[in-house]
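Trainee: How should I read a pair of packed helices in a model like this one? Please begin with the way they cross.

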Amino acid sequence: MLEELRIRDLGVIADATLPLGRGLSVVTGETGAGKTMVVTAVGLLLGARSDAGAVRSGAKSASAEAVLKLDPVHDAVARAREAGGEAEEFDGVAELVLARTVGADGRSRAFVGGRSAPVGVLAEIGESLVVIHGQSDQIRLKGATAQRHALDRFAGAPLAKVLGEYQELFAHWKSIQGELETLRGEARERLREAESLEVALAEIDQVDPQPSEDETLKAEAVKLANVEELRLAAAAAHEALIAEEFGDTGDATTLVDAAKRTLEHVAEHDEELGAAAARLAEVGFLLNDIAADLSSYQASLDTEGPERLSEIEERRAALAKLIRKYAPSIDEVLEWAEASRARLDELQDDSSRIEALDAEVLSAEATLRKLATDISKARLKAAKDLSARVSAELKALAMADATLVIDVEAGGQLGPHGVDEIAFLLQPHSGAPSRPLGKGASGGELSRVMLAIEVVLAAVDPVPTFVFDEVDAGVGGRAAVEIGRRLAMLARHVQVLVVTHLPQVAAFADQHIRVTKTSVRGADGKTATGFTSSDVQLLDAAERVKELARMLAGQEDSESARAHAQELLDDAKLLPQA
């Protein structure tokens, strides 16, 4: 709900705050006082195109700000927070502030929840919060999509259930259709891909590489290329550990053993030397083990030679060929082969998959056709009911011969919402051709048509706030009373803000706001400065009578006019609301 609207330097309004509430709020005032600036301000807050000409003369910029009270889980609150704005919560109600400034240079800025945001975000948020019906504004139900949505909401739960089932199946049907088209359209490419993979995998299987084999063979090749140097080094080390002939210095094993025996002779005199002897014994064992390993190593070198090196290099060449073709290492070649086998299985299964998808597509389409028929029947029934109700409303709104025609035409193409083409048409009188809404009707007539539709839809498809700009244009008398009554009926479901010049409409208001224009005088109090300003005031009961008297007779101090105004207010309270 729109709780408060603040306007600064917009048109002739210098600074005004409109306290709004639930129910029906009307804005009245003399012609040119700036009533329409209220609608302009709301439009700016909904992302409407800005106009530097709307900035008050002499001001640097104009601004509009709205305070909205919403359910904390409302989509508008979520979108505001996505845009970085804040919505404070009090007693389970979220308070969201929207603002828009327009500079005299034409530049515009938008603010959502205290944070700067693109103007498009205001439009997204406002779409679910406020609907404006003005003389030149786009109307909510002008588009085919909005008309279909309104009819479906009016049809209620029975249609919603079938439509939900249809849309779920439609999404699946489109998905499998796309997969089928892909398989058929890429059949030749997929066949070439399969043949290429078969050749590659056959080549890899023939070589039969093992994990990390390239690195293992590389290490072995380096060893064999240096076998003589390795043999000499191993022999020299072995000789140093255990010499086959006694030399002047002795080998390591002999020296360690001698040191051990020397310490053992005196170990009984000192435990520390005994421990050292024991450690030398361990060293002796270790030296013998190393010497044995070196001996075995030398023996193994004797069995390997140029033949083995040639065999390894041949194997490495085969592996290198795979690496050049398929991946940087043998391990990655093996990974590529595993993934390619899975892909080859998928490609080879194309024909059976195509047959299965063909059958599934046909089955889903048959079911969709049946559901679409059920949807069309429900829409036709709802269209007949909605048309009758709206047409009855039009008769009370000075359009006695007008009829709303809702055309539901089943087409051949399955779409996301069925097969129906839906159009809201207006037949101005019997025998006349029906024309789309927005064509062939005056602004005032169109506003009344929309009012009639909104009154009927309000119970099933409510938008929190409606704004009507001169919905009563071109009518008077009893028709004006009926317009006021229907605005009051709409306000039982949603918040309604109306700019009006008819006292019969204003009499139904829950809040009456008056816009008053004043000319600014010079210091002498006589000379006009050329500036005009408007004040905005929420009227109390006595002030309402005075304002209605002005609207009735132009004589707010006339006793008879005031009596007539009071009579209007009393009748509005007593008039049946249904």
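Mentor: Helix α2 passes helix α3 in a right-handed crossing; that is, the near helix is turned clockwise from the far one by less than a right angle. Helices here are DSSP runs (H or I, at least four residues), numbered from the N terminus. The model is predicted: local features need pLDDT of at least 70 and side-chain atom pairs pLDDT 80 or more, while totals for chains, interfaces and linings use all residues. Residues are numbered from 1 along each chain as its sequence is written, and side-chain values use heavy atoms, without hydrogens or water.

Trainee: What is the angle between α2 and α3, and how far apart are their axes?

Mentor: Two packed helices are described by the angle and the distance between their axes. For α2 (residues 75-82) and α3 (residues 119-127) the angle is about 165°, and the axes are 8 Å apart. Axes are lines fitted to C-alpha atoms over the stretch in contact, with angles from 0 to 180 degrees between N-to-C directions. α2 and α3 are therefore roughly antiparallel, the term for angles over 145 degrees.

Trainee: Which residues of α2 and α3 meet?

Mentor: Contact means heavy atoms within 4.5 Å. Ala76, Arg79 and Ala80 in α2 meet Val121, Glu124 and Ile125 in α3. By class, this contact has four nonpolar, no polar and two charged residues. Ala, Val, Leu, Ile, Met, Phe, Trp, Tyr, Cys and Pro count as nonpolar; Asp, Glu, Lys and Arg as charged; the others, Gly among them, as polar.

Terms used. Helix = DSSP H or I, 4+ residues; strand = E, 2+ residues; numbered from the N terminus. Parallel < 35°, antiparallel > 145°, perpendicular 65-115°, else oblique.
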